[in-house]
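Biologist: I would like to learn how to read a protein model, one feature at a time. Could you walk me through this one?

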Amino acid sequence: MKSLFKKPATLMYPVIAREWQERTRGAVAINPEDCIGCGMCQRKCPTNAITVDRNAGTWEIQRMQCIQCAHCTEDCPKKCLSMDPKYTAPGTEKVIDTFEIPTKKPAAAGDDAKADGGGKVKCNTEECVYCGLCAKTCPADAITVDRGEKKWEVSDDCIGCGACVEKCPKKCLEL
């Protein structure tokens, strides 16, 4: 008898839209125009739900494999990923969303600015200790460091994500 006179415990979804709270994580959303295809989100994803193919120019997420932890959004160097406060609609099939990301062309030899708005990485070799952390962090494998010869080089494959700049312990790198 109690339940006849109380409000219903559930919402009348989809008739009445749900009000999302501020702390709701939801689903990962991408702005493909800002994505540089560095693959940092793919490396940080604990469930391997994200796949970045730089050669094909695609970014893909397996929605049912994603656990909405937001690690990918926190570590994206260009902040092109965000958490949309809406969840993936339930269904019987696995959902894989694929987005085309524009391919970034390397800067010309005399250019300081890259096509994506970033710049080429420069190293102050007087302060550098040649530890190699920048080379290990680089998602494009564009940096080579030789400790013995005290040699630091960046190739044209640099995508200007800035991951190496953040990882440098001596702060001798800049874009």
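Modeller: Gladly! Keep in mind that this is a predicted model.

Biologist: Where does Leu 4 sit, and is Leu 4 buried or exposed?

Modeller: Leu 4 is part of helix H1, which covers residues 2–5. Its relative accessible area is 62%, and the cut-off for exposed is over 50%, so Leu 4 counts as exposed.

Biologist: Which residues form the positive surface patch?

Modeller: That patch is formed by Arg 43, Lys 44, Arg 54 and Lys 167. Take Arg 54 as an example: look for it in the loop between strand E2 (50–53) and E3. With a relative accessible area of 37%, Arg 54 is partly exposed.

Biologist: Now to the rings. How should I read an aromatic pair?

Modeller: The general idea is that a pair of aromatic rings is described by the distance of the centres and the angle of the planes. In this structure the count comes to one aromatic pair. Its partners are Trp 59 and Phe 99, with 5.9 Å from centre to centre and 50° between the planes, and the pair is tilted.

Biologist: Why does this pair tie together parts that are 40 residues apart in sequence?

Modeller: Because Trp 59 belongs to strand E3 (residues 58–62), while Phe 99 belongs to strand E5 (residues 96–100).

Biologist: Let's turn to charges. What is the idea behind a salt bridge?

Modeller: Side chains of opposite charge can pair when their charged atoms come close. Searching the whole structure gives three salt bridges. One of them joins the side chains of Asp 97 and Arg 63, at 2.7 Å from N to O. This pair links distant parts of the chain, 34 residues apart: Asp 97 is in strand E5, and Arg 63 is in the loop between E3 and helix H3 (71–75).

Biologist: Which residue meets Lys 120 in a salt bridge?

Modeller: Asp 156 does, and the distance is 3.6 Å, N to O. Here too, distant parts of the chain are linked: Lys 120 is in the loop between E5 and strand E6 (122–123), Asp 156 is in the loop between strand E8 (151–154) and helix H5 (163–167), and the two are 36 residues apart. Lys 120 is partly exposed, with a relative accessible area of 33%, whereas Asp 156 has 51% relative accessibility and counts as exposed.

Biologist: And which residue does Glu 153 meet in a salt bridge?

Modeller: Lys 151, with 3.6 Å from N to O. Glu 153 is partly exposed, with a relative accessible area of 40%, and Lys 151, at 39%, counts as partly exposed.

Biologist: Next, the backbone. What should I know about phi?

Modeller: Most residues other than glycine have a negative phi. In this model, Asn 48 has a positive phi of about 55° although it is not a glycine. Tyr 130 likewise has a positive phi of about 55° without being a glycine.

Biologist: Where are Asn 48 and Tyr 130 found?

Modeller: Asn 48 is in the loop between helix H2 (40–44) and E2, and Tyr 130 is in the loop between E6 and helix H4 (133–137). Asn 48 is exposed, with a relative accessible area of 54%, whereas Tyr 130 is buried, with 7%.

Biologist: One last thing: what separates the C-alpha atoms of Trp 20 and Thr 144?

Modeller: A distance of 47 Å, and along the chain the two residues are 124 residues apart. You can find Trp 20 in the loop between H1 and strand E1 (27–30). At 33% relative accessibility, Trp 20 counts as partly exposed.

Terms used: Residues numbered from 1 in each chain as written. Predicted model: local features only at pLDDT ≥ 70, side-chain atom pairs only at ≥ 80, totals over all residues. Heavy atoms only, no water. Phe/Tyr/Trp six-rings, centres within 6.5 Å; stacked < 30°, edge-to-face > 60°. Helix = DSSP H or I, 4+ residues; strand = E, 2+ residues; numbered from the N terminus. Buried < 20%, exposed > 50% of the residue type's maximum accessible area, 1.4 Å probe, protein only. Patch = residues over 30% accessible without salt bridge, like charges linked within 9 Å, V, L, I, M, F, W, Y side chains within 5 Å. Areas by Shrake-Rupley, 256 points an atom, 1.4 Å probe, with all protein chains shown as cover. Salt bridge = Lys/Arg side-chain N within 4 Å of Asp/Glu carboxyl O. Lys, Arg positive; Asp, Glu negative; His and termini not counted. Charge placed at Lys NZ, Arg CZ, Asp CG, Glu CD.
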